[in-house]
Amino acid sequence: MNQDQAHIGTKAVWAGEKNHRAFNASQVPVVVSCAYTYDDIDQWYDVALEKQPGHIYGRNTNPTVEAFEQKCAELEGAEQATSFATGMAAISNIFYTFLRPGDRVVSIKDSYGGTNKMFTEFLPNIDVECVTCETEDYDEIEAEIAKGCKLLYLESPTNPTVKILDIERLARAAKAVGALVVVDNTLATPINQAPLTLGADLVLHSATKFLGGHADALGGVVCGSSELVKQVYHYREITGATLQPWDAYLLLRGMKTLELRVTRQQTSAMQIATYLQGCDLIEAVNYPGLPTHRHHDVAVKQMKGFGGVLSFALKGGMDAVRIMLPQLQYANRAANLGAVETTYGPARTTSHVECTAEERAALGIPDGLVRLSVGIEDVDDLIADLDQALAYLRAKL
């Protein structure tokens with residue numbers, strides 16, 4: 001059977017690995033060498049110029065890292081992928097690869113807090129104009145694209161508001177003016193969404209999250225055409241935000257169970273979101289799988305599943321958060337998501353900790369908003385845990 005025709009769960013296990021094993025090992029080895037030696041000086045030169053396959057120096061490439069990149073590329077249906085030390089390194093390297101003074105970026109207000117800082121602080125410092133539109137106002141986004149756009153940056157679902165963007169529609173508007181379309185696919189994962197088939201040019205992930213799935217390895221990855229990815233790789237190989245081989249190994253290992261984890265997490269997330277909707281202490285629940293979600297129809301159109309992340313706003317704001325979250329037993333209270341353990345965190349200290357209270361308010365993120373990344377625990381236990389924590393909160397109010 002041609003591996004290109006395999007289902008995505010099979011690709012998650014096998015893709016990118018067979019050509020990177022050594023000594024008849026059944027697993028990709030961790031290669032920690034900083035440099036690679038050659039007796040044939042002309043071969044060394046050809047490898048350095050990429051005329052022959054091989055490796056020269058660890059800042060550039062590494063066999064373990066290469067296996068991870070190939071697995072990501074196959075899962076995203078991309079020609080090529082290149083990796084980074086973190087997800088934010090992937091995002092910033094895309095910007096600095098393709099943007100020049102005088103260029104114009106169009107994006108949304110609901111992007112991840114670190115990404116938003118790129119738009120409000122770092123890119124304006126190099127004279128790149130950044131326009132962040134209301135996430136749900138397609139007329140505004142398309143109008144801003146039409147005014148001139150070098151790069152359209154989208155995130156769907158958004159973190160932590162879990163809004164859904166019509167990627168195909170917005171990519172079409174961007175292509176009309178020759179803009180590059182970049183999509184952060186971290187929360188959806190390749191299991192649920194394929195942005196390249198919807199018109200994206202580049203897809204990125206914070207591999208730290210669902211791809212790795214065990215909260216023990218940092219990483220980022222960018223997937224797309226060979227032409228574009230090679231440009232991003234060249235910037236990264238010179239500036240040095242290199243994914244380390246041990247992290248690449250842990251990410252590879254985690255990705256083998258990606259489909260299993262995501263399938264269970266999103267099944268549980270739907271049940272938890274439904275439970276929270278019926279709770280009197282909750283002002284709002286954000287999960288695209290709910291028929292009441294404002295973008296449910298778009299999610300159904302472009303996603304195979306709705307993901308393992310939701311958010312909810314507690315009545316009483318941050319005071320209520322301070323009371324409730326410490327009562328949870330099956331919970332990491334941490335600035336992470338996508339792990340096998342359920343993780344809670346207010347946006348104030350996780351996704352948008354870099355932003356001021358005023359900036360968060362302007363983005364529509366109340367201090368009482370809690371991001372919930374559902375793990376692989378039994379959902380009945382997770383709901384019971386929420387129930388007792390909310391009961392404790394109710395008694396304290």
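**Close-up views of a predicted model**

**View 1. The largest nonpolar core.** With 31 residues, this is the largest nonpolar core, and Ile-272, Leu-310 and Phe-312 have the most contacts inside it. At least two of its residues come from each of helix 11 (258–277), strand 8 (282–286), strand 9 (309–314), helix 13 (317–324), strand 12 (369–373) and helix 15. Helix 15 gives the largest share, 7 residues. A nonpolar core here is a set of buried Ala, Val, Leu, Ile, Met, Phe, Trp, Tyr and Cys residues joined through side-chain atoms within 4.5 Å. Buried means under 20% relative accessible area, exposed over 50%, and partly exposed in between, with a 1.4 Å probe and protein chains only. Helices (H or I, at least four residues) and strands (E, at least two) are DSSP runs, numbered from the N terminus.

A word on the model: it is predicted, so local features need pLDDT of at least 70 and side-chain atom pairs count only at pLDDT 80 or more, while totals for chains, interfaces and linings use all residues. Residues are numbered from 1 along each chain as its sequence is written, and side-chain values use heavy atoms, with hydrogens and water left out.

**View 2. Leu-310 and its contacts.** Setting aside neighbours within four places in sequence, Leu-310 is in contact with several residues, including Val-162, Ala-269, Ile-272, Tyr-287 and Leu-372. Contact means heavy atoms within 4.5 Å. Another core, of 28 residues, lies apart from the largest one, and among its members are Ala-12, Leu-75, Ala-217 and Leu-251.

**View 3. Leu-382 in helix 15.** Look for Leu-382 in helix 15 (residues 379–396). Leu-382 counts as buried because its relative accessibility is 2%. Not counting residues up to four places away in sequence, Leu-382 touches Ile-272, Tyr-330, Thr-342, Val-374 and Glu-377. Ala-269 is 113 residues away along the chain, yet the C-alpha atoms of Leu-382 and Ala-269 are separated by 10.0 Å.

View 4. The strands come in the order 1-7-6-5-4-2-3, with mixed pairing. At the edges sit strand 1 (80–84) and strand 3 (129–133), each pairing on one side only. On average, neighbouring strands are turned by 20 degrees against each other, direction ignored. Helix 7 (residues 167–176) packs on the sheet, touching strand 4 (151–155) and strand 5 (180–184), and its direction makes about 170 degrees with that of strand 4. Two strands pair if DSSP finds at least two bridges between them. Axes are lines fitted to C-alpha atoms, for helices over the stretch in contact, and angles run from 0 to 180 degrees between N-to-C directions.

**View 5. Strand 6 and its two partners.** Strand 6 (residues 202–206) pairs with strand 7 (residues 220–224) in the antiparallel sense over 5 bridges, while strand 5 runs parallel to strand 6 and is joined to it by 3 bridges. Val-203 stands opposite Cys-223 in strand 7, and Val-183 stands opposite Val-203. Leu-202, Leu-204 and Ser-206 point one way from strand 6, Val-203 and His-205 the other. Since 5 of its 5 residues are buried, strand 6 is largely enclosed by the rest of the structure.

**View 6. Helix 4 against helix 9.** Helix 4 (residues 87–98) and helix 9 (residues 226–239) pack at about 105 degrees, with axes 9 Å apart. That makes the two helices roughly perpendicular, a label for angles of 65 to 115 degrees; under 35 counts as roughly parallel, over 145 as roughly antiparallel and the rest as oblique. Residues making the contact include Tyr-96 and Phe-98 of helix 4, and Leu-228 and Tyr-235 of helix 9.
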